[in-house]
Amino acid sequence: MVKPTDILKEEPILEVRNLQTSFFTEKFEVKAVDGVNFAVPKGKTLGIVGESGSGKSITSLSILRLIQNPGKIIGGEILFKGENLLDKSEAQMRRVRGNEISMIFQEPMTSLNPVYTVGQQISESYRIHQNIGKKEAMLRSIDMLKLVGIPSPEQRVKQYPHELSGGMRQRVMIAMALACDPELLIADEPTTALDVTIQAQILELMKELQQRLGMSIVMITHDLGVVAETCDYVAVMYMGKVVEYAKVADLFKNPKHPYTVGLLNSLPRHDIDLGDEELTVIKGSVPSPDNMPKGCRFAPRCPFASEICVEQLPDLEQSEDGNQIRCWIYTDEWDGDPEVKVNG
Amino acid sequence: MREEINNGAAIAKAAPNPSFVKLASVWKKLRRSYSAMIGGGLVLIFILIAYVGPYFTPYGPREQNVINKLALPSSEHLLGTDHLGRDIFSRIIHGMSITLEVGFVSVVIGLIIGVFLGIIAGYYGGRIDTIIMRFMDILLAFPGILLAMAIVSVLGPAIVNVIIAVGIFSVPVFARIVRGSTLAVRKLEYIDAIRSLGASDARIIFKHILPNVTSPLIVQATLSVATSILTASGLSFLGLGAQPPTPEWGAMLSDGRAYMYDSAHVATIPGVAIVIVVLAFNLFGDGLRDALDPKMKN
């Protein structure tokens, strides 16, 4: 069994081992996150990609232990700076949230409380974690707004969220999350709801802040463009499992898992003229979670699937370039075409 | 399954957009609504009468003149006299403050307990929710006046106990409204966001959810004042509330009942007074609802 830290060149700040989060309905259990392994390097960015329902958001909420009924973390370890967050009490966890690990959300339109001014909301971070007065918190909030590049912050702190644009609100969200100088920022699709031009600005801002503050980032996204732009490592998730975990350059140059290859092929590329041909798509759709395939989760949609893929679930294994992959093709047990070329 | 249906209905009924409604725009809409202006104006006048009026009444509320009993309205006694020769006009004015206080205080009691229970039920859900809301259902299953009577008969007949009884009787209404709005609000991303910053449950509930569920509450509180006044008067009418010679309207109505055939005004006038006050609160509440509901533009 490979360790998620094997791939990193840097020290890990966060290591997730065999994380399992399930949702329980009256009749059955839905394994939203099923044995996820990855590590986040200090001061670098890990991307988690996958389509809707692959469990990436649930993974991020699990790290902060924000999963609510009927969901439950049922197994694994989340090691933050060597300590298992799953062993902490709720009160200890509250001191971690916002202070050491922060999170920003997808929808800037609904992520701010409509009844408080921007300044009051950023102040909340300080009021929760630091014993400082209202005035001092407000002054620091102004500094934070300056840091995230909001013009005339002295006026902006007095405005309500509905008076700001989407991009501005996302900047405010970032300011709130970074107020207490966390070491790890989890960004759950931070740019999905924004215009393309604003997306670029927000990503640029996050990169700049990362260099300035030296924090690590977990970037959750379904946009491979965002991954290429911002991440150092990437974990590709499919149906609650990591299928490929690699350095970003390797993943784009030499994708190994058929799912990753499918994702990349379904993107338009500027260096290849498709002519009249259409973009390739991954055939089929994600199976419903109550009808989980027995073997490899991707087998029903995989163009290379052979007998063993349908029957048995492969493990995450180290490939020859040091990355990690969950696919029978790269193992000795492979019973299909020995000459198969996944990314040819 | 039934629970799910209930939840769905509650979410649909809760404030559709629990966003901050600016005071200025509320005032603007209120001013355009006749019912709100008339109702609100009357409520203000009543409050003024209740606290200033007693200094200017021609007679004291307990001043008897047995020779001139059951007199019809005249220049001497504006609204006539009752069976003990007491001036009805003076008694109505003195009773105004009792009526309003019973209405307001009992609603405040119901509001505080109801909001607390409702927000806890809505926020935590699960078993806590089931226990609290089933208990509220039991309270709601009793006819209001019957429940209040039961409580007063345990506590003993007095105006304070009427206030407590009517307060308890309005708890479930507030609990339901707040629970519904809380269910809608707690799913919103800003609650997740504040939780991810390390806020405690108490902070989330009272600082971030409560301000977002207030607008349906303001409306319900206003309408509840009217209901509470009716129930309290009803209890006093039955002899369970204010005791003679307190100039409470329900009790006055009860006193006048015996003289209905010969001197109808003794019972009618307190009744009309109750109707007008209740109507004023209802008008104001309806107008407020229109002004605070973001779906009703213009």
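User: In which order do the elements of chain B run from the N terminus on?

Analyst: From the N terminus on, chain B runs α-α-α-α-α-α-α-α-α-α-α-α, with 12 helices and 0 strands. Helices are DSSP runs of H or I with at least four residues, and strands are runs of E with at least two. This is a predicted model, in which local features need pLDDT of at least 70 and side-chain atom pairs count only at pLDDT 80 or more, while totals for chains, interfaces and linings use all residues. Residues are numbered from 1 along each chain as its sequence is written, chains are lettered from A in the order in which they are written, and side-chain values use heavy atoms, without hydrogens and water.

User: What box do the C-alpha atoms of chain B fill?

Analyst: Taken along the principal axes, the box for chain B is roughly 75 × 45 × 30 Å.

User: What makes residues 34-53 of chain B a "transmembrane region" here?

Analyst: The name comes from an unreviewed UniProt entry, which also lists 263-285 among the regions of chain B; such annotations may be inferred rather than shown by experiment. In the model, residues 34-53 of chain B are 95% helix and 0% strand, with end C-alpha atoms 26 Å apart. For residues 263-285 of chain B, the figures are 91% helix, 0% strand and 35 Å.

User: Which domains does the record list, and what does the model contain there?

Analyst: For chain A, the unreviewed UniProt entry lists "domain: ABC transporter" at residues 14-264; that span is 38% helix and 27% strand. For chain B, the unreviewed entry lists "domain: ABC transmembrane type-1" at residues 96-285, a span with 82% helix and 0% strand.

User: Why is the pair B:K207 and A:E124 called a salt bridge?

Analyst: A salt bridge is a side-chain nitrogen of Lys or Arg within 4 Å of a carboxyl oxygen of Asp or Glu. The N to O distance between B:K207 and A:E124 is 2.6 Å, so the pair meets the rule. Between chain B and chain A the count is 2 salt bridges, and over all chains it is 25.

User: What makes A:R17 and A:E77 a salt bridge, and which parts of chain A do they link?

Analyst: The closest N and O atoms of A:R17 and A:E77 are 3.7 Å apart, and the limit is 4 Å, so this pair also counts. The pair joins distant parts of the chain: A:R17 lies in strand β1 (residues 12-24) and A:E77 in strand β4 (residues 71-80), 60 residues apart.

User: How do you know that chain B and chain A are in contact?

Analyst: Contact means heavy atoms within 4.5 Å. The contact takes 19 residues from chain B and 28 residues from chain A. The area buried between them (the accessible area, with a 1.4 Å probe, lost on being put together, summed over both) is about 2200 Å², of which carbon and sulfur atoms give 59%.

Terms used. Buried area = accessible area lost by both parts, 1.4 Å probe.
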